[in-house]
Amino acid sequence: MKEKIRCRWASSEVNVLYHDEEWGVPVHDDRLLFEFLILEGAQAGLSWDTILRKRGRYREVFDNFDVQKIIKYDAKKVRALLQDPGIIRNRLKIASTISNAREFLKVQEEFGSFDAYIWRFVGGKPKRNSWRLHGGIPAKTKESDAMSKDLLKRGFRFVGSIICYAYMQAIGMVNDHTVECFRYRQVSKV
């Protein structure tokens, strides 16, 4: 049986599964959009493999990324999170999860949903790229620059342009599977 050709970065068990099932698939569910926003920020300075391995624990300790619950986190909850080895124990990243939940709710109120807000940066539909080599994929784009600038203006943290572009890739705002990857055509049809 012929082996599937994947994007070069999909090389470990955890990221092959993520690549094959999630990466680049358009997301329109606000809870999942928030989860990816937080996980991309948590990844800053670390490998995505690390985050994927800790994702289950993140869901547990952050109440499945329920923003209504996260905005109520107090100092006791933050202390518990800082002691949990199953997540990235960075005080600034944990604090940004709580403050980003507050800003997320404001965006939902203003736009009706975070989905309606975030997808505006690509005109409401996924941008389909045609990368032949992994090395040609940019770390950021004018769309991620605009998204980052707007999110920062609204008070979000850990949302630099590179993080925003990784977020766009994760939630399917862009299809950055290389053209020889078996997922390229599948994701383009979604």
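The structure, a predicted model, holds zero disulfides. C7 is in none, although the sulfur of C181, the nearest cysteine sulfur, is 3.8 Å away. C7 is buried, with a relative accessible area of 2%. C164 is buried too, with a relative accessible area of 1%. Both values fall under the 20% cut-off for burial, which is why these cysteines count as buried.

Now turn to the core. The largest nonpolar core has 53 residues. Which residues have the most contacts inside it? They are F36, F62, F114, I118, M147, Y167 and M173. The most comes from α2, which gives eight residues.

Y167 shows how the pieces meet. Leaving aside residues up to four places away in sequence, Y167 touches L33, F36, L37, E40, F114, I118 and M147. Among these partners, F36, F114, I118 and M147 are also on the list of core residues with the most contacts.

Look next at α2 itself. How many of its 14 residues are buried? The count is 13, so α2 is largely enclosed by the rest of the structure. At 1.5 Å a residue, α2 should span 20 Å, and its end C-alpha atoms are 20 Å apart, so the two agree. In general, an α-helix has 3.6 residues a turn, so residues three or four places apart point the same way. Just after α2, G45 takes a positive phi of about 85°.

Step back to the whole chain. The protein has ten helices and two strands. Along the sequence they follow the pattern α-α-α-α-α-α-α-β-α-α-β-α. The radius of gyration is 17 Å, close to the 16 Å that the globule rule gives for 190 residues, so the protein is as compact as a globular protein of that length. Along its principal axes, the C-alpha trace spans about 55 × 35 × 25 Å.

Finally, consider burial and contacts overall. Buried residues make up 51% of the 190. Of the contacts between residues at least 6 apart in sequence, 68% join residues at least 24 apart. The accessible surface comes to about 9,900 Å², and 52% of it belongs to carbon and sulfur atoms.

Key:
Residues numbered from 1 in each chain as written. Predicted model: local features only at pLDDT ≥ 70, side-chain atom pairs only at ≥ 80, totals over all residues. Heavy atoms only, no water. Disulfide = S-S within 2.5 Å. Buried < 20%, exposed > 50% of the residue type's maximum accessible area, 1.4 Å probe, protein only. Core = buried A, V, L, I, M, F, W, Y, C linked by side-chain atoms within 4.5 Å. Helix = DSSP H or I, 4+ residues; strand = E, 2+ residues; numbered from the N terminus. Contact = heavy atoms within 4.5 Å. Expected span 1.5 Å × (residues − 1). Rg over C-alpha atoms; globule rule 2.2 N^0.38 Å. Areas by Shrake-Rupley, 256 points an atom, 1.4 Å probe, with all protein chains shown as cover.
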